[in-house]
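Here is a short briefing on a single protein chain. It covers the fold, the helix packing and the salt bridges.

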Amino acid sequence: MSHRLPQPPAPTGERRSTAKDVGEKKPSNAPSATSSFQNFVVGGGNELAYRTIQSVAENLGQYGPLLLFGPPGVGKTHLQHALVRKLRGTPGKVRCLRLTAEQFTGEFLGCLERRALPGFRQKYRTIDVLLVDDVQFLMNKRATLEELLY
């Protein structure tokens, strides 16, 4: 198992190399084997998010969009993975998808180029729970944001 150090922020006007650029596999969207509600460290900065996500898990269909906002390292991604794990372990068929905003944008633009938007819309409108991480990536991407919200 190799460990990678985080890269420093790219200087303005430059882009950071990605896993695709260097021939690595992209990170999996499968829930992390270690991310669960039981091992989540609750503190003052994330208690509301923790309780809300648990409520979402227990009351499917009762919530509209939920935005988890906070600085890096407070557990937003951990909570998403924990929710996916919990939902996939519940009786019945809960269609749950977790991806990053960058992945959603890439798929949307690809379908737009191929004129395949009906299939894209069908896919995302039949999902019971859609979890999108790193939504700050959608800043200044109006068409993608509109597609996500409508």
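How many helices and strands are there in the protein chain? There are five helices and two strands. The model is predicted. From the N terminus, the order of elements is α-α-β-α-α-β-α.

**Chain overview**

- The chain has 150 residues, and 29% of them are buried.

**H3 against H4**

- Helix H3 spans residues 101-113 and helix H4 spans residues 117-125.
- Their axes come within 8 Å and cross at roughly 145 degrees.
- On the H3 side, the contact uses Phe104, Glu107, Phe108, Cys111 and Leu112.
- On the H4 side, Leu117, Phe120, Lys123 and Tyr124 take part.
- This contact of H3 with H4 has seven nonpolar residues, two charged ones and no polar ones.

**H3 against H5**

- H3 also packs with helix H5, residues 142-149, at an angle of about 100 degrees.
- The axes of H3 and H5 are 10 Å apart.
- H3 is therefore roughly perpendicular to H5, as angles of 65 to 115 degrees count as such.
- H3 brings Phe104, Thr105 and Phe108 to this contact, while H5 brings Ala143, Thr144, Glu147 and Leu148.
- The residues of the H3 and H5 contact divide into four nonpolar, two polar and one charged.

**Salt bridges**

- The count of salt bridges comes to seven.
- Arg51 and Glu47 form one of them, at 2.6 Å from N to O.
- Both Arg51 and Glu47 sit in helix H1, residues 47-58, four residues apart, or about one turn of the helix.
- Arg51 counts as exposed because its relative accessibility is 54%, and the cut-off is over 50%.
- Glu47 is partly exposed, at 32% relative accessible area.

- Arg121 and Glu147 meet in a salt bridge at 2.8 Å, N to O.
- This pair links distant parts of the chain, with Arg121 in H4 and Glu147 in H5, 26 residues apart.
- Glu147 also meets Arg125 in a salt bridge, at 3.8 Å, N to O.
- Arg125 lies in H4, 22 residues apart from Glu147 in H5.
- Through shared partners, salt bridges join Arg121, Arg125 and Glu147 into one network.
- Glu147 is buried because its relative accessible area is 13%, and buried means under 20%.
- Arg121 is partly exposed, at 31%.

Conventions
Residues are numbered from 1 along each chain as its sequence is written. This is a predicted model: local features need pLDDT of at least 70, side-chain atom pairs count only at pLDDT 80 or more; totals for chains, interfaces and linings use all residues. Side-chain values use heavy atoms; hydrogens and water are left out. Axes are lines fitted to C-alpha atoms, for helices over the stretch in contact, and angles run from 0 to 180 degrees between N-to-C directions. Contact means heavy atoms within 4.5 Å. Ala, Val, Leu, Ile, Met, Phe, Trp, Tyr, Cys and Pro count as nonpolar, Asp, Glu, Lys and Arg as charged, and the others, Gly among them, as polar. Buried means under 20% relative accessible area, exposed over 50%, partly exposed in between (1.4 Å probe, protein chains only). Angles under 35 degrees count as roughly parallel, over 145 as roughly antiparallel, 65 to 115 as roughly perpendicular and the rest as oblique. A salt bridge is a side-chain nitrogen of Lys or Arg within 4 Å of a carboxyl oxygen of Asp or Glu.
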